[in-house]
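User: I'd like to go through this one by question and answer. Can you take a look?

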Amino acid sequence: MVDPADVRVVLMDSQTAATLAQVLPLLLLTLMVELRRVEVHRRGRNIRTTRLLLGLFFIAFGVVETVFVLSIDGELIPFSWSDLIGALSIFALLALLFILSLLDSPSRRRHEEM
């Protein structure tokens with residue numbers, strides 16, 4: 001007989017999840033450096049829409065990265081508490097990276113004040 005309390009959800013094998021959990025943040029950091037360099041967050045007809053789209057991208061990326069970190073042990077559900085704490089820490093750091101990527105540099109602020 002099948003035990004309904006024994007629920008296991010596996011999205012991918014643990015090696016793939018571990019690799020993606022390590023590689024994707026580096027790719028995101030590279031992308032944000034390039035977006036910052038070309039000032040994409042200041043372009044477009046409506047800057048708020050551009051920033052909203054970047055925010056939605058960061059949220060989606062954070063959710064995907066959280067799922068990968070939770071899947072490192074080979075199963076999404078049930079997860080260990082250390083995996084959850086690690087995943088939420090990465091999600092918080094991604095949110096901080098997003099906020100910092102939208103800030104103006106101090107030299108640009110001084111230039112605009114003159």
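User: What does the accessible surface of the chain come to, and what share of it belongs to carbon and sulfur atoms?
Analyst: This is a predicted model, where local features need pLDDT of at least 70, side-chain atom pairs count only at pLDDT 80 or more, and totals for chains, interfaces and linings use all residues. Side-chain values use heavy atoms, leaving out hydrogens and water, and residues are numbered from 1 along each chain as its sequence is written. Areas here come from the Shrake-Rupley method with a 1.4 Å probe, and for residues only the protein chains shown count as cover. On that basis the surface is about 8,100 Å², and the carbon and sulfur share is 68%.

User: Which helix gives the most to the nonpolar patch?
Analyst: The patch is made up of Leu52, Leu53, Leu56, Ile59, Val63 and Phe91. Patch residues have over 30% relative accessible area and no salt bridge (a Lys or Arg side-chain nitrogen within 4 Å of an Asp or Glu carboxyl oxygen), and nonpolar side chains (Val, Leu, Ile, Met, Phe, Trp, Tyr) are joined within 5 Å, like charges within 9 Å. Helices are DSSP runs of H or I, at least four residues, numbered from the N terminus. Phe91 sits in helix H3, while five of the patch residues come from helix H2.

User: Is Glu65 buried or exposed?
Analyst: Glu65 is in helix H2, and its contacts (heavy atoms within 4.5 Å) beyond four places in sequence include Leu20, Pro25 and Leu94. The cut-offs are under 20% relative accessible area for buried, over 50% for exposed and partly exposed in between, with a 1.4 Å probe and protein chains only. Glu65 has 0% relative accessibility, so this residue counts as buried.

How values were computed. Helix = DSSP H or I, 4+ residues; strand = E, 2+ residues; numbered from the N terminus.
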